[in-house]
Amino acid sequence: MIETWLTRELGLEVPILGAPMGGRAGGRLAAEVTKAGGLGMLGAAGYATPEWIETESAVAKSAGDFGAGFMVWSLDQDDTALDLVLAQSPRIVSLSFGDPALYVRRVHEAGALVASQINDLDDLAVVEAAGVDIVIAQGAEAGGHTGHVATLPLLQEVLDATTRPVLAAGGIGTGRGLAAVLAAGAQGALVGTALLASPETVGPEYARGKLVAARSTDTVYTSVFDRARNIAWPQRWGGRALANDFSRRWHGAQSFDGIEADYDGSDSDLGVVYAGQIAGTVTAERPVADVVRALASDAEALLRRFA
Ligand SMILES: Cc1cc2nc3c(=O)[nH]c(=O)nc-3n(C[C@H](O)[C@H](O)[C@H](O)COP(=O)(O)O)c2cc1C
């Protein structure tokens with residue numbers, strides 16, 4: 001068993017958090033990560049209704065502890081969902097993509113730890129000043145919204161710059177990746193894309209098949225899906241998704257007239273499938289618990305070579 005600050009603090013068997021993934025990570029996925037010895041997190045996107053939060057938290061909690069993730073820029077517009085989640089007693093709450101200072105105390109008072117995904121050293125200064133408990137270095141190869149520095153360069157500079165516990169996110173999908181970041185000094189990993197071909201995900205039916213078929217070269221870092229769906233992500237964060245007919249048509253366009261009308265999320269060649277470069281290693285639809293257990297045991301075997 002791999003023991004780190006994260007496993008000791010949260011009582012985990014494996015140093016893995018299931019990434020909060022808006023639109024894809026509900027209670028079932030979170031519960032399966034937790035059952036496999038990690039800790040699962042709900043993607044509580046801005047459009048999550050109170051009913052969704054209550055139902056999915058209950059499912060997640062049926063397995064033990066759970067967490068939830070928020071976009072700070074979205075909380076700055078409406079933070080109702082944060083209180084709804086805190087009422088469900090999460091063990092950990094991630095406050096990413098913005099300055100979490102306004103919300104950290106509220107989360108602590110509810111008894112949860114605060115984690116923040118960061119994309120550069122300026123972000124590190126912001127989240128440290130805000131008093132977060134865990135820093136997650138999220139590299140540009142990650143699925144979903146992210147920054148511009150890749151996981152390994154970012155992780156190395158963040159580990160050198162902070163005394164807080166650091167996790168790595170972005171491109172970790174096999175025991176090799178987990179072993180690499182643990183050996184570097186991370187206390188664990190936040191894993192997203194590697195779980196996305198699992199039957200426990202929610203979202204469009206076609207997404208799992210697209211992910212299994214995708215290679216590591218098939219993603220695009222773009223804002224066209226946000227534009228099309230009128231989601232007000234700050235410009236600094238693009239989203240990494242599988243390239244498809246829609247992104248090929250609009251990414252890099254000079255004018256976006258007509259982009260909203262052109263988008264159809266129910267069409268498998270147009271709808272967004274957010275996913276990272278590690279998609280290339282996802283070659284079958286596997287249950288979440290199998291993925292999490294294999295990640296941990298393969299990493300352990302690799303790390304034992306140096307014991
Ligand atoms: C489909 C999808 C949705 C995501 N939604 C969110 C989100 O709502 N909030 C958040 O903080 N991060 C979100 N992320 C980013 C993940 O939390 C995490 O950083 C990322 O999945 C890690 O990289 P990986 O995909 O290579 O494992 C999302 C990622 C994906 C793939």
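Helices H9 and H14 cross in a right-handed way. Keep in mind that this is a predicted model, and then find the two helices: H9 covers residues 175-184 and H14 covers residues 288-304. Their axes come within 7 Å, and the crossing angle is roughly 55°. Angles under 35 degrees would count as roughly parallel and 65 to 115 as roughly perpendicular. H9 and H14 are therefore oblique to each other.

So who is touching whom here? On the H9 side, look for Gly175, Arg176, Leu178, Ala179, Leu182 and Ala183. They meet Leu295, Ala296, Asp298, Ala299, Leu302 and Leu303 of H14. Sort the residues of this contact by class and you get 9 nonpolar, 1 polar and 2 charged.

The way H2 passes H3 is a right-handed crossing. From H2, the residues making the contact are Gly27, Arg28, Ala30 and Ala31, and they meet Glu56, Val59 and Ala60 from H3. By class, that contact of H2 with H3 comes to 4 nonpolar, 1 polar and 2 charged residues.

Next up is the ligand. How many residues surround the ligand? There are 21 of them, and the closest are Gln117, Gln138, Gly171, Gly192 and Thr193. If you're clicking through the site, those five names are a handy place to start.

A few backbone atoms are worth a look here too. At proline 20, a backbone N or O atom lies 3.3 Å from an oxygen atom of the ligand. Glycine 22 has a backbone N or O atom 3.0 Å from a ligand nitrogen atom. Then there's glycine 170, where a backbone N or O atom is 3.3 Å from an oxygen atom of the ligand.

Notes. Residues are numbered from 1 along each chain as its sequence is written. This is a predicted model: local features need pLDDT of at least 70, side-chain atom pairs count only at pLDDT 80 or more; totals for chains, interfaces and linings use all residues. Side-chain values use heavy atoms; hydrogens and water are left out. A crossing is left-handed if the near helix is turned anticlockwise from the far one by less than a right angle, and right-handed if clockwise. Helices (H or I, at least four residues) and strands (E, at least two) are DSSP runs, numbered from the N terminus. Contact means heavy atoms within 4.5 Å. Ala, Val, Leu, Ile, Met, Phe, Trp, Tyr, Cys and Pro count as nonpolar, Asp, Glu, Lys and Arg as charged, and the others, Gly among them, as polar. A residue is near a molecule or strand if one of its heavy atoms lies within 4 Å of it. A polar contact is a pair of N or O atoms within 3.5 Å; within protein, one must be able to donate a hydrogen and the other to accept it, and residues adjacent in sequence count only if both atoms are side-chain atoms. Axes are lines fitted to C-alpha atoms, for helices over the stretch in contact, and angles run from 0 to 180 degrees between N-to-C directions. Angles under 35 degrees count as roughly parallel, over 145 as roughly antiparallel, 65 to 115 as roughly perpendicular and the rest as oblique.
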